[in-house]
Amino acid sequence: SHKSAGKSTSLYAHTTKKSTMASSPCSSSQIKGWSPTNTLSELTAITPVDGRYRGRVNELAAYFSEFALIRYRVRVEVEYFIALCRLPVPPLRGVGNPDLYAKLRTIYALEELVGDVSGPGGTPLPAFGEEAAREIKATERVTNHDVKAVEYYVKRRLGEFGLAAHAEWVHFALTSQDVNNTAIPLLLREATAQSYLPALSTCVLEPLRDMVEKYADVAMLSRTHGQPATPTRLGKEIAVFVERIETQLRCTLPLLKFSAKFGGATGGLNAHLTAYPGEDWRKFANDFVCSQLGLDREQNTTQVGHYDNQAALFDMMRRVNVILLDLCKDFWTYISLEYFGQRITKGEVGSSTMPHKVNPIDFENAEGNLGLANALLSHLSSKLPISRLQRDLTDSTVWRSAGMPFAHTLLAFRSLQRGLSKLWLRSEVLTADLERNFVVVAEPVQTILRREGVQGAYEKLKDLTRTGERLNQDGLNAFVDTLDVSDQVKSELKAISPHTYIGYPAVLDPMPDLVALLCSSK
């Protein structure tokens, strides 16, 4: 948990008094024996993300929790005040300096980021922790407005730096969405760079690439339409998924923009321009958003941001997840075919009634989480860019669930990592399957016969193989002996085997640095 100076407790570690709506037919107290509580735990959480699976996705709380959203809003308000000091607007002339800016940034810094900055007399400056977030939430219960509560908190904190007389410059000429639509792309960018992409690399791409190399020369019967088809290399089949995922990332990450809306109540910087008509507020806004915050600024907006660039991120994540759904189904099938065995975890149970069961639960868990993530990602990308006229509030309530698809996606990545790590190859099963389906050599045989100018080569092989009887090496040799071709060609045909007729090995480009690709979008 985040800590501030003094005592730190969980934001959720409290209970409420009995509901005054106990008589309502919708009240949970109508369920006999159930006592309403606000205490959040693995047992009381409504969603598994904050309950059963919380420990696996806890890192996302730094970006998508209520605490995180509050802190990112505080960050924007503080940075905006610093930008006004740097401009400066006339009343703030001479107020700012680098030492003051460093101290002001401790208002939103987490404890480990405070460093050597200190207050008057060398006293430590408190970091932004749960007590600070709790204060803002208490104010919100009075104001019924989340961003205004943040504004009041920052104003109060300015007094600690001797800046109470300048507190009215906090949130000067801004609307709430100037804060929200900068805080949100900031946290999305950092969640993508610091959590999503590293997890995709570590949990998925690196293990898959290892398997591509490990199984580069392993012959495997392929299946098209579920039926035996031309043999392939197991490593190449895994490389297909690596290439698909990395192609999406290479094509999309450099083009992603984390863009912010920063233009006042309806996007035209009206209030700024009215207060100081001689100032170039467009340049100020561009410098603040692009240089100071490291985002892109949307130039022509309503009260809300476009959300189109966020939709592009969600759509990229969804496409990657679709590829991983395909991968999960394939590995599930390979396990079902007994191409892979699964290492047994001592004490684990596969079935409550069938003691022998060792189920591919990690791939099934990943598949389920990927489906949930994609349902949410699809809604976010199709809903967020739509807002009635200059603004409605539907984006706010929808966006608050943006952490859910990230969480389900990370759960899937980690389930895949566990599933892949348990696999061991049953080489004898792959070999036997190729032998049992010797008929797949029909393709190379008829191809060589065509090369040699044999008329009706395809039809000859069709007649040989579509009899309902299994073809084996002896059957192939007998057929070859009837052909009117040279002895050299006959020897070539008899040497064909499903174990060696497996084509080229996979070729992959070097693994990309995904975070570097993302950063190249700036």
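Tutor: Gladly! Let's begin with a term: a cavity is a set of grid points where a 1.4 Å probe fits but cannot get out, and its volume is the space filled by probe spheres set on the points. Keep in mind that this is a predicted model.

Student: What is the volume of the second largest cavity?

Tutor: The search of the whole structure kept cavities of 30 Å³ or more and found two. For the second largest cavity, the volume is about 60 Å³.

Student: Which elements give two or more residues to the lining of the second largest cavity?

Tutor: Its lining includes Asn 181, Pro 185, Ser 259, Ala 260, Asn 309 and Gln 310. By class, the lining has three nonpolar, six polar and two charged residues. The elements that supply two or more of the lining residues of this second largest cavity are α7, β3 (259-260) and α11 (308-336).

Student: And which elements each supply at least two residues of the lining of the largest cavity?

Tutor: Among the residues lining the largest cavity are Leu 69, Arg 73, Gln 177, Asn 180, Asp 395 and Trp 399. Sorted by class, this lining holds four nonpolar, three polar and five charged residues. At least two residues each come from α3 (66-86), α7 (176-214) and α13 (394-399).

Student: Now the helices. Are α3 and α6 oblique or roughly antiparallel to each other?

Tutor: Their axes come within 10 Å and cross at roughly 55°, in a right-handed crossing. The contact involves residues including Ile 70, Val 74 and Phe 81 of α3 and Val 147, Val 150 and Leu 158 of α6. By class it has nine nonpolar, no polar and four charged residues. Angles of 65 to 115 degrees count as roughly perpendicular and those under 35 as roughly parallel, so α3 and α6 are oblique.

Student: How is α16 oriented relative to α17?

Tutor: Helix α16 (residues 442-451) and helix α17 (residues 457-465) have axes 8 Å apart and pack at an angle of about 150°. An angle over 145 degrees counts as roughly antiparallel. α16 is therefore, relative to α17, roughly antiparallel.

Student: How do the residues of that contact of α16 with α17 divide by class?

Tutor: Ala 442, Val 445, Gln 446, Leu 449 and Arg 450 come from α16, and Ala 457, Tyr 458, Leu 461 and Thr 465 from α17. The contact of α16 with α17 divides into six nonpolar, two polar and one charged.

Student: At what angle do α8 and α11 pack, and how does their contact divide by class?

Tutor: The axes of helix α8 (residues 234-252) and α11 are 10 Å apart, at an angle of about 175°, which makes the two roughly antiparallel. Their contact includes Phe 241 and Leu 249 of α8, with Ile 323 and Phe 331 of α11. To give both values, the angle is about 175° and the classes are eleven nonpolar, two polar and five charged.

Student: Which residues does a cis peptide bond join?

Tutor: Most peptide bonds are trans. Here, in the loop between α3 and α4 (98-104), where Pro 88 is placed, omega is about -20° for the cis bond joining Leu 87 and Pro 88.

Student: What phi does His 171 have?

Tutor: Most residues other than glycine have a negative phi. His 171 lies in the loop between α6 and α7. Although not a glycine, His 171 has a positive phi of about 65°.

Technical notes. Residues numbered from 1 in each chain as written. Predicted model: local features only at pLDDT ≥ 70, side-chain atom pairs only at ≥ 80, totals over all residues. Heavy atoms only, no water. 1 Å grid on protein atoms, 1.4 Å probe; cavity = no way out; pocket = protein on both sides within 12 Å on 5 of 7 lines; lining within 4 Å. Helix = DSSP H or I, 4+ residues; strand = E, 2+ residues; numbered from the N terminus. Nonpolar A, V, L, I, M, F, W, Y, C, P; charged D, E, K, R; others polar. Axes fitted to C-alpha atoms, helices over the stretch in contact; angles between N-to-C directions. Left-handed = near helix turned anticlockwise from the far one by under 90°. Contact = heavy atoms within 4.5 Å.
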